[in-house]
Amino acid sequence: MPKGKLLVLSGPSGAGKSTVVARLMTMRDDVCFSVSATTRPPRPGEVDGVNYFFVTRERFDEMVRDNALLEHAEYVGNCYGTPRDYVAQKLDTGMNVILDIEVQGAKQVMEKAPDAIPVFLMPPSLLELERRLRARGTESEAVILGRLQRAREEYHADFYDYIVINDNVETAARELDAIITAAHCAYDDRKNILKEVE
Ligand code: ADP
Ligand code: 5GP
């Protein structure tokens with residue numbers, strides 16, 4: 001069975017990564033979301049084990065020491081990391097795995113798994129990003145400003161293979177869908193079929 005693809009999705013907070021991934025997951029049943037560990041407190045409506053594993057700083061440090069995280073990074077005052085085992089198990093069963101992670105973590109993943117597909121999801125403008133962050137209403141003013149500053153820094157990352165602009169959720173989800181489909185059509189993945197039909 002062909003292995004799944006690892007899609008590394010980054011982009012400024014508020015760009016719409018969670019929204020677009022949720023839509024993508026209604027479009028394909030071969031995609032799953034890697035639930036990260038974080039020291040950030042849950043937002044209203046967020047569920048432990050669904051949106052994140054909400055952990056203490058002590059527990060997070062323990063996971064780092066135990067090498068249980070594929071990557072980890074600090075983001076505007078909190079720690080975030082990707083549990084290693086889940087990703088490996090899902091890829092082995094042929095599922096495509098989506099990581100919603102910031103740029104430093106994405107860089108770490110690309111070093112460890114160079115065949116992962118890095119995608120940068122952008123809002124149509126920084127003004128619209130600010131509007132979405134404020135409309136979401138989940139962060140304090142200081143945290144919103146920190147996240148906007150971090151967005152400007154993240155725009156300098158140059159190792160992404162694809163950019164998806166999230167002006168419209170449907171279009172952005174269809175573009176992610178196309179990127180995954182195209183990856184499965186790669187010559188290296190399919191050259192065995194050539195031998196089978198010879
Ligand atoms: P992220 O996961 O990147 O931090 P979210 O998915 O939480 O971003 O989206 C941030 C806010 O923007 C949410 O309130 C969401 O409903 C809204 N949003 C997402 N995509 C769009 C879009 N294409 N147009 C307008 N609003 C959007
Ligand atoms: P939020 O607090 O808005 O859910 O996420 C803040 C930022 O942390 C986003 O850019 C998101 O992609 C990133 N993030 C979420 N989980 C992880 C993770 O496991 N590792 C890293 N490096 N970043 C993450």
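**Notes on the ligand sites and pockets**

1. In this predicted model, ligand 1 is surrounded by 14 residues, and the closest of these are G14, K17, S18, T19 and R136. Sorted by class, the shell around ligand 1 is made up of three nonpolar, seven polar and four charged residues.

2. The side chain of S18 has an N or O atom 2.7 Å from an oxygen atom of ligand 1, and the side chain of R132 has an N or O atom 3.3 Å from a nitrogen atom of the ligand. With D167 the backbone is involved, where an N or O atom lies 3.1 Å from a nitrogen atom of ligand 1. Of the 560 Å² of accessible area that ligand 1 has on its own, the protein covers 76%.

3. Which elements give two or more residues to the shell around ligand 1? They are α1, which spans 17–27, and α5, which spans 126–136. The largest contribution to this shell comes from α1, with three residues.

4. Ligand 2 has 18 residues around it, and S36, R40, Y52, Y80 and D100 are the closest. This shell divides into five nonpolar, six polar and seven charged residues. Two or more residues of the shell around ligand 2 come from each of β5 and β6, the latter covering 78–83.

5. The polar contacts of ligand 2 include both side-chain and backbone atoms of the protein. A polar side-chain atom of D100 is 2.6 Å from an oxygen atom of ligand 2, while a polar backbone atom of G81 is 3.1 Å from an oxygen atom of the ligand. On the nitrogen side, a polar side-chain atom of E102 lies 2.7 Å from a nitrogen atom of ligand 2. The protein covers 96% of the 510 Å² of accessible area that ligand 2 has on its own.

6. The lining of the largest pocket receives two or more residues from each of α1, β5 (69–75), α5 and α6 (141–154). As in the shell around ligand 1, α1 gives the most to this lining, here with six residues. By class, the lining has 13 nonpolar, nine polar and 12 charged residues.

7. The second largest pocket deserves a separate look. The volume of this pocket is about 430 Å³, and its lining consists of 20 residues, with G4, L6, L91, D115 and A116 nearest its centre. The elements that give two or more residues to this lining are α3 (84–92) and α4 (103–112), and α3 gives the most, with five residues. The class count for the lining of the second largest pocket is 12 nonpolar, one polar and seven charged residues.

Key. Residues are numbered from 1 along each chain as its sequence is written. Chains are lettered from A and ligands numbered from 1 in the order in which they are written. This is a predicted model: local features need pLDDT of at least 70, side-chain atom pairs count only at pLDDT 80 or more; totals for chains, interfaces and linings use all residues. Side-chain values use heavy atoms; hydrogens and water are left out. A residue is near a molecule or strand if one of its heavy atoms lies within 4 Å of it. A polar contact is a pair of N or O atoms within 3.5 Å; within protein, one must be able to donate a hydrogen and the other to accept it, and residues adjacent in sequence count only if both atoms are side-chain atoms. Accessible areas come from the Shrake-Rupley method with a 1.4 Å probe; for residues, only the protein chains shown count as cover. Helices (H or I, at least four residues) and strands (E, at least two) are DSSP runs, numbered from the N terminus. Ala, Val, Leu, Ile, Met, Phe, Trp, Tyr, Cys and Pro count as nonpolar, Asp, Glu, Lys and Arg as charged, and the others, Gly among them, as polar. On a 1 Å grid over the protein atoms alone, a cavity is a set of points where a 1.4 Å probe fits but cannot get out, and a pocket is an open set with protein on both sides within 12 Å along at least five of seven lines; lining residues have an atom within 4 Å of a point. Grid points are joined across faces, edges and corners, and a volume is the space filled by probe spheres set on the points.
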